[in-house]
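Colleague: Thanks for sitting down with me. Could we go through how the two chains meet, and on what grounds each label is given?

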Amino acid sequence: MHPSPDIGIWIGGLLTLGIFSFLYGDNPYYKFCEAFFVGVSAGHWFITLFWTVFIPKLLGNIGIAIHTFRTDGFAAGMSDYMHWSYIFGGILGFLMILRLFPKIGWISRWSLAFVVGTTAGYYFINYLVSNGLMQIQKTILPFTSIGNIVLVVGTFCGLIYFFFSKEHKGAFGGLARIGIWFLMITFGASFGYTVMSRMSLLIGRMDYLLGNWLGLIG
Amino acid sequence: MRREVPLMICAIVGFTLIIVYFVPHPPFSDMRDLFSDWFSVIAAFAIYLGILNLLKNSVDKVYRKRSGWGFSIVTIAGFVLFVFIGLYEGSDFGEIGTRYYWLYDRIYFPLMATMFAILAFFIGSASYRAFRARNVEATVLLLAAFFVMLGRVPIGYYLTSWLPEGWRMSDVASAIMTYPQMAGQRAVMIGIALGIVSTSLRIILGIERTFLGGE
Amino acid sequence: MGFFERLIKIDRRIIFTFIAVAIALPLFFNVSMYVETTPEVVGIFNAVDSLSPGSKVLMSFDYDPGSMPELQPMAESFLRHCFSRGLKVILMGLWPQGPLQANWALDIILNEPDIKAMNLKYGVDYVNLGYTAGNEVVIQRMGSDIHAAFPVDYYGTSLDEIPLMRGVRNFDNIDFVYNLSAGYPGTMEWVQFAADRFHAVLGAGNTAVQAPLMYPYLGRKQLVGILGGMKGAAEYEVLANRPARAVRYMFSQGISHAVVVFFVIIGNLAYFFTRKKKES
């Protein structure tokens, strides 16, 4: 056994055990680690956004615009709208922060509407094309192999099942029933993969504890 | 003003981004680029809003000495530690060898990784307690899960390597993933896509206004 | 209370102990397991292998330390493959932890003897663009102008001053896009924007939770291939002839799966026997 001499690894190991202590029951050690994690996470997001968006994008572009106005004149500055227009982005962003104040919080709806409108505009096309039309296109297959038949029948029957405006009776109900079976296979496969994922994450942690920290494994 | 202006903003932005897909030329392409740039900044401020709200609640909890206020001090301390070191390091904060990277590697990484790793125990426990073959559909689900769980790891190969190729557990798992699983996922994907398309249109047209909140 | 009734009401901490032992014990044994490759992984490997030296590859690290055991081995083996083929790599992230994960992978790969001997230079052979807020809108902006989406790299250097980025304005100048994803934003957004709108050649590495959801995108100009979970990472390591962490973990993975299957069978047997007893 060769425990790590690195104090940082020891801190990491103790924090890991703190989170794992929840498996025995809720306790102050776990609550400490959880609260620390929340603060640390918020701090990381704050710093990352500050150095990657706030400084280079917002202030950087406004700075370029001011420089253009000063050196090349008003007309040149105005034509460089891709830089000075960041002021409006900054204002809308600031309006978002005002949500913290109940009396004037209503003005954050303008920023929220911009975000919602942008997302809705992109989603309308993207989901229609990538998740709708292209998937339908990929389902139109010749019945030249069992695999193709399974794909076409499965997709069609799955969609039939989700059509709740018509009662699932008779032939329609029969197709919906086949659809349920395909969906059960889908969910079973998803469950299998979910187990794989969770176990993988635990393997990583065990390797850290037994290898990096305690030096029990190579 | 409180509702009309946001609805107008939503409609103008939404319609512009739909039109630009079909007319990817100025002025629509320029407007799209502008909106994308602003979105990046606004998204950052939205995250800052969440962070400031968290701090506000934590400080409030400490000030009023509500139950568990001691842990709020821990939260604030963690935040201040990372922000202080991050600001001190400057724009190189993420480079290997910096103090910030050390904090990320020794504190943030173990905490986050363990938060997700702990789920393995709960999924094992849940599988034992809740996963029951009560009817035909549940049995189909269970069998699919068995074949995928064992077929996608080497143990499945070793258990069935004596079978002819195409009949081994790994082959069955591959066939499940490539055909019936894909068909089911595709059906779900198309269904969700139709739902999102209709909801997006309702939002852009101002029919769906729940994002504005009350008043 | 009968045996099966006691079995159903077993304390969950006993189950936790079994799972912990199933994961930990195999790690003590250096067992090398045979890893079968699947067409989904071979698709990505062949796509990278077919690129000529000097081609530009964009790697998006869209995950956090919570998904590291699955995605970090994928990142490392993919990076190693790219560098050994003489490809230029542009790293970025749509998650704020992404660029740090990228640096982590770079630190390991660049210090391997054969890669170190290549004397790769930052800004010439690889670059880390960092993170920017905006999720899928960032991908859209990259499609029109990468320099507008990322005015500076992760260390604050203007992209105009970085040799590797001088000729790269949008996806037309990128030969392959590889996305490592643990959720949103991730592979779905890259397919919708980069592949479908801007016709980028796209491959993805996903956590095992997400991988089944991405299967419908396989083929026909959306996804050339997909690495699913740690098994996908192990397959890529095998294809690249450099078995590493993911292959080593496969023994543990297999035993843990067997334990879960065992628990499900026992749980169902106990359920059926107790139900039969109640009915009689």
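Colleague: Why is the meeting of the A:Asp6 and B:Arg106 side chains called a salt bridge?

Modeller: This is a predicted model, and in it the N to O distance between A:Asp6 and B:Arg106 is 2.4 Å. The cut-off is 4 Å between a side-chain nitrogen of Lys or Arg and a carboxyl oxygen of Asp or Glu, so the pair qualifies as a salt bridge.

Colleague: How many salt bridges and polar contacts are there between chain B and chain A?

Modeller: The count is two salt bridges. As for polar contacts, 19 residue pairs make them, with both partners at pLDDT 80 or more.

Colleague: Which element gives the largest share of the side of chain B that touches chain A?

Modeller: That is H2(B), with 23 residues. Helix H2 spans 28-63, and other helices of chain B that give two or more residues include H1 (4-22) and H9 (180-205).

Colleague: What is the make-up of that side of chain B, in nonpolar, polar and charged residues?

Modeller: The residues that touch chain A divide into 78 nonpolar, 18 polar and twelve charged. In terms of area, carbon and sulfur atoms give 81% of what is buried between the two chains.

Colleague: And how much area is buried between chain B and chain A?

Modeller: About 10,400 Å². The contact takes 108 residues from chain B and 112 residues from chain A.

Colleague: What does the predictor give the complex as ipTM and pTM?

Modeller: The ipTM is 0.92 and the pTM is 0.94.

Methods: Residues are numbered from 1 along each chain as its sequence is written. Chains are lettered from A and ligands numbered from 1 in the order in which they are written. This is a predicted model: local features need pLDDT of at least 70, side-chain atom pairs count only at pLDDT 80 or more; totals for chains, interfaces and linings use all residues. Side-chain values use heavy atoms; hydrogens and water are left out. Contact means heavy atoms within 4.5 Å. Buried area is the accessible area (1.4 Å probe) that two parts lose on being put together, summed over both. A polar contact is a pair of N or O atoms within 3.5 Å; within protein, one must be able to donate a hydrogen and the other to accept it, and residues adjacent in sequence count only if both atoms are side-chain atoms. Helices (H or I, at least four residues) and strands (E, at least two) are DSSP runs, numbered from the N terminus. Ala, Val, Leu, Ile, Met, Phe, Trp, Tyr, Cys and Pro count as nonpolar, Asp, Glu, Lys and Arg as charged, and the others, Gly among them, as polar.
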